[in-house]
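Subject: Structure handover, with notes on voids and salt bridges

Hello,

Please read them with the model open.

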Amino acid sequence: LVADPTLDEVVLTGTTSTYEKIRPLVSDHTKITAELGGVNAWIVVPGKKWNKRSVDSHARHVAFARLANNGHVCAAPQVLLVDEQWPWRKQFLDRLRYWMAEYAGAPPFYPGSTEIYTHFRNLPGAEVVPGDDAFVDQQRPVLFEDVSIGDEEGGLSDILSREAFCPVISEVPLPSDVNNDEGQGGSSLAFLRSATKFAGDKCFGSLTCNILIPDNIVRKNAKEFDSIVAQLPFGA
């Protein structure tokens, strides 16, 4: 079917291996558009307005976004980019663990999911979050905490370059030169600029990126924030 030269366009989703198998079959006269997944970064921007309630709420959102449909979601978060000096960093991870343990999850069904899940679970630093299984062969969430951006041998390469498409999430702290003024609009946006550059340069794919940022920082710096978002190299 895809080799039919009368086709105007072939549209597909899948992995790069799927694309590589189909691309040679498509006529030179046919346009091909492929959504091949990606390692989606969720950026947590520091600010003075973070508190226990907002940390818990957003950690719960991240847990649900990662675990819904057993992680078989193209836009699910795989990497959390945080300021290494963010005062709420430990509590955010603690609440993320809590909500991942509480969430019942969903049964794995995507082809190849078991092999990919096993690969990530066996990487150095992998923490399997305990909980009560609700399904047969349930894949318990896997969390990587404090992943060093220079630790290629520790699994960083796979974490940033291989889409898990299963319940795997990693916290990657980024250095900041503005920690003494943490929470002010300038320093928060400086971190955001650094994090968006890291996501664009280091995380596989260009599907989506999510920004968790206090509303007051956006309001006070609307023009600059809009400029940063407009320059993101992601589709959504």
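A pocket here is an open set of points on a 1 Å grid over the protein atoms alone, with protein on both sides within 12 Å along at least five of seven lines, whereas a cavity is a set of points where a 1.4 Å probe fits but cannot get out; lining residues have an atom within 4 Å of a point. Grid points are joined across faces, edges and corners, and a volume is the space filled by probe spheres set on the points.

The model is predicted: local features need pLDDT of at least 70 and side-chain atom pairs count only at pLDDT 80 or more, while totals for chains, interfaces and linings use all residues. Residues are numbered from 1 along each chain as its sequence is written, and side-chain values use heavy atoms, with hydrogens and water left out.

Pockets and cavity

The largest pocket holds about 290 Å³. Its lining has 16 residues, and G14, T15, Y110, E163 and F165 lie nearest the centre. By class the lining splits into 7 nonpolar, 6 polar and 3 charged residues (nonpolar: Ala, Val, Leu, Ile, Met, Phe, Trp, Tyr, Cys and Pro; charged: Asp, Glu, Lys and Arg; polar: the others, Gly among them).

The second largest pocket holds about 160 Å³. Residues lining this pocket include K49, W50, H58 and R219. Helix α7 gives the most to this lining, with 3 residues (helices are DSSP runs of H or I, at least four residues, and strands runs of E, at least two, numbered from the N terminus).

Among the residues lining the cavity are L67, M100, Y103 and R140.

Salt bridges

The structure has 10 salt bridges (a side-chain nitrogen of Lys or Arg within 4 Å of a carboxyl oxygen of Asp or Glu). One of them joins R97 and E145, at 2.3 Å from N to O. R97 is in helix α3 and E145 in the loop between β6 and α5, 48 residues apart. R97 is buried at 19% relative accessibility, and E145 is partly exposed at 40% (buried is under 20% relative accessible area, exposed over 50%, partly exposed in between, with a 1.4 Å probe and protein chains only).

K197 pairs with D201, the closest N and O atoms being 2.6 Å apart. K197 and D201 sit 4 residues apart in helix α6, about one turn, and both are exposed. Elsewhere, salt bridges with shared partners connect K90, D94, R97, E127 and E145 in one network.

Regards
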